[in-house]
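This briefing is intended for a reader who is meeting the structure for the first time. Please keep the sequence and the model in view while reading the points below.

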Amino acid sequence: MAKKVIVTGASRGIGFELVKKFAEAGHEVIALSRNSDRLEQLKEACLQLNPQAQVHIFPFDLAKGDIAAQLMPFIESCFQHVDILINNAGALIAKPFTEINAEELERIYPVSYTHLRAHETP
């Protein structure tokens with residue numbers, strides 16, 4: 001049975017590969033990332049693996065975008081429910097934690113700890 005899957009941070013690395021694996025297996029996927037060009041490449045890669053792949057791409061910055069006003073309507077237009085959510089997006093400040101200041105922490109927090117609210121299935 002096909003699952004409805006959302007993957008954040010899908011433009012490269014683990015997120016990119018997970019989307020490909022889910023699409024190849026016949027699951028319907030929403031891929032989120034800031035990088036629209038990489039999302040287009042990802043969708044093409046998925047279609048090469050599975051010509052019937054259902055991959056919805058949405059360029060979105062979790063740190064700057066309005067999840068309620070922009071992202072949730074897109075998700076709801078694609079899925080009635082979500083079976084799997086992979087919060088893979090993250091932000092990096094390459095220095096020891098003890099050297100991170102409040103401004104830097106406030107900048108990375110929304111990306112690393114964003115929770116998308118999925119609809120519950122009965």
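**H27 and its surroundings**

Leaving aside residues up to four places away in sequence, H27 touches M1, A2, K3, V5, F22 and Q54. The model is a predicted one, and the points below are grouped by topic.

- H27 is located in the loop between helix 1 and strand 2.
- The relative accessibility of H27 is 17%, which is under the 20% limit, and H27 therefore counts as buried.

**Strand 1 and its two partners**

- Strand 1 (residues 4-7) pairs with strand 2 (residues 28-33) in the parallel sense, over 4 bridges.
- The chain passes from strand 1 through helix 1 (residues 13-24) to strand 2, and this β-α-β crossover is right-handed.
- Within this pairing, K4 stands opposite E28 in strand 2, and V5 stands opposite V29 in strand 2.
- Strand 1 is also joined to strand 4 (residues 84-86) by 3 bridges, and these two strands run parallel.
- In strand 4, the residue opposite V5 is I84.

- How many of the residues of strand 2 are buried? The count is 6 of the 6, so strand 2 is largely enclosed by the rest of the structure.
- In a regular strand the side chains alternate between the two faces of the sheet.
- Both faces of strand 2 are covered, with E28, I30 and L32 buried on one side and V29, A31 and S33 buried on the other.
- Strand 2 pairs with strand 3 in the parallel sense over 6 bridges.
- I30 has H56 as its bridge partner in strand 3.
- A right-handed β-α-β unit is made by strand 2, helix 2 and strand 3.

**Helix 1**

- Helix 1 consists of 12 residues, and the distance from its first C-alpha to its last is 17 Å, close to the 16 Å expected at 1.5 Å a residue.
- The buried residues in helix 1 are G15, F16, V19, K20, F22 and A23.
- Viewed down the axis of helix 1, the buried residues fall within an arc of 170°, so they line one face of the helix.
- On the other side of helix 1, the residues I14 and K21 are exposed.
- The cover over the buried residues of helix 1 includes strand 1, strand 2, helix 2, strand 3 and strand 4.

**Helix 2**

- Helix 2 (residues 36-49) has 14 residues, which should span 20 Å at 1.5 Å a residue; its end C-alpha atoms are 20 Å apart, in agreement with that value.
- L39, L42, A45 and C46 are buried in helix 2.
- Why do the buried residues of helix 2 line one face of the helix? Seen down the axis of helix 2, they fall within an arc of 120°, so they line one face.
- An α-helix has 3.6 residues a turn, so residues three or four places apart point the same way.
- The exposed residues D37 and Q48 are carried on the face of helix 2 turned away from its buried side.
- Helix 1, strand 2 and strand 3 (54-59) are included in what covers the buried residues of helix 2.
- The N-terminal end of helix 2 is capped by N35, which has a side-chain oxygen 3.2 Å from the backbone nitrogen of D37.

- G90 belongs to the loop between strand 4 and helix 4 (102-112).
- Is G90 buried or exposed? The relative accessible area of G90 is 54%, and values over 50% count as exposed, so G90 is exposed.
- G90 and Y109 lie 19 residues apart in sequence, while their C-alpha atoms are 8.8 Å apart in space.

Conventions
Residues numbered from 1 in each chain as written. Predicted model: local features only at pLDDT ≥ 70, side-chain atom pairs only at ≥ 80, totals over all residues. Heavy atoms only, no water. Pairing = 2+ DSSP bridges. Right-handed = clockwise from strand over helix to strand, strands pointing away. Expected span 1.5 Å × (residues − 1). Buried < 20%, exposed > 50% of the residue type's maximum accessible area, 1.4 Å probe, protein only. Arc of directions from axis to C-beta. Contact = heavy atoms within 4.5 Å. Polar contact = N/O pair within 3.5 Å; in protein donor to acceptor, adjacent residues only side chain to side chain.
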